[in-house]
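The following briefing is meant to be read alongside the sequence and the structure.

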Amino acid sequence: MKFVIEAMGLTAGGGKAGLLRLLPSLARHADHRFVALLPDLPEFVALQRSLQRPNLKLILRRKPASLLRRHFDLQGTVRRICSAERADALLCLGNFGPRRPPVPTVVLLHNAHYVSISPCAAAASTTLRERLVTAYGRDYLRRLPDGVRLVVQTELMKQRAVAAYGLEPSRIEVIPDGDALPPEAEISKRQDGGAAGVHALFTFLCLSRYYPHKNLEVLPEAMKRLPAYSSRPARCLLTIHRDQHPGARRLLGKIESLGPVLVNLGPVATGKLAEVYRSADAFILPTLLESFGRTYLEAMRFDLPILTSDRDFARHLCREAALYFDPLDPESVARSMARSMEEGDLRTRLIAGRETVLGQVPSWEEIGDRFVDVLERAARDSHLPSRADDSHVRLRNGLTTSNPCDIVSRVI
């Protein structure tokens, strides 16, 4: 069979990193042919040169500069490629696909905003573009075309999608994510075992691109309060860039006044991830909303205790491997940070809790196998029940049109 893969929206963060691992895994299936439509980013240019597989064709195009451009690519370019390549099925990895699918279609839904019924506490700081993208994604899911299957990364996301849009559970497949570490990454730990000595500088790592829902603004406030709970010297590493979001520029301006307790490393290249994880004593993420949380897995692989938000998505994945705090309360965050610094037994318990979680994470080869299985089934049988009962749809945002220009006018 031949499958077209649309990934033009994966231009940053975990989506891009995961795609670099997924494509080689898919290409292992020599009995199928794959045509991938990718943004012309340096990472994918390098992949095109290095990944020479007779059954894998990479098409690099200028990354979409706007939501409208992405819409027209999906409705026009993707449809033409599917026709020209005589595709048996289409895999869209960026949360939505064509409104009129040219072939049986599978869509990876990995943006938790689209299935969140309660507004995120950080919603007020989102940009107009972010609100437009969320509105577009919700409208697409509300009008999900017949014959389209969804893939989500957790059972929790599946439950939310069913509750939000009244979709038949049989239309939604669960395929867990994997870490973004390159295959050659050496998963070795710090030689001192981490947090060596009661007077050693304790390093927290918050490895995240800037998004409002990541709630990174709580970290400066927590670091100010940390000395009230521990006398040990500590610092927190961030990995953001001021061009990622207006909020990133405000946050970087704020932490400059705090001195060395908050250090911004800037975005970390995939090849440097292992080095950055090894430099830390604990991993912290005060996020308010996630669909999966790949960095949790990566931190576990480096034996880092995890401190994160007391939210269902975090507990669903981390279970006993994390210490949970109220992400909206800097005092709660600071107390948890102090506990991870002061309580050696707690660190040991958190690290031990990772074994159960990591033991259930599939390899990238297994992830690729499961995507291929879904695509094969979609190609063989595109007749799916539409919705369980439209009266059960709970997510309401007032959008009832598939015209992207109308969506723009309503949000503005």
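**Overall picture**

Of the contacts in the protein (heavy atoms within 4.5 Å) with a separation of 6 or more, 71% are accounted for by residues 24 or more positions apart. This is a predicted model, in which local features need pLDDT of at least 70 and side-chain atom pairs count only at pLDDT 80 or more, while totals for chains, interfaces and linings use all residues. Residues are numbered from 1 along each chain as its sequence is written, and side-chain values use heavy atoms, with hydrogens and water left out.

**Burial and helix H9**

- Buried residues (under 20% relative accessible area, with exposed over 50% and partly exposed in between, using a 1.4 Å probe and protein chains only) make up 56% of the 412 residues.
- Helix H9 (residues 294-301) is largely enclosed by the rest of the structure, because seven of its eight residues are buried; among them are Tyr296, Leu297 and Met300.
- Asp303, which follows H9, has a positive phi, near 55°.

**Salt bridges**

- The whole structure holds 26 salt bridges, each defined as a side-chain nitrogen of Lys or Arg within 4 Å of a carboxyl oxygen of Asp or Glu.
- Asp310 pairs with Arg315, their closest N and O atoms being 2.6 Å apart; Asp310 is partly exposed at 37%, and Arg315 is partly exposed at 41%.
- Glu221 forms a salt bridge with Lys224 at 3.6 Å between the closest N and O atoms, and a network of salt bridges links Glu221, Lys224, Arg225, Lys254 and Glu331.

Technical notes:
Helices (H or I, at least four residues) and strands (E, at least two) are DSSP runs, numbered from the N terminus.
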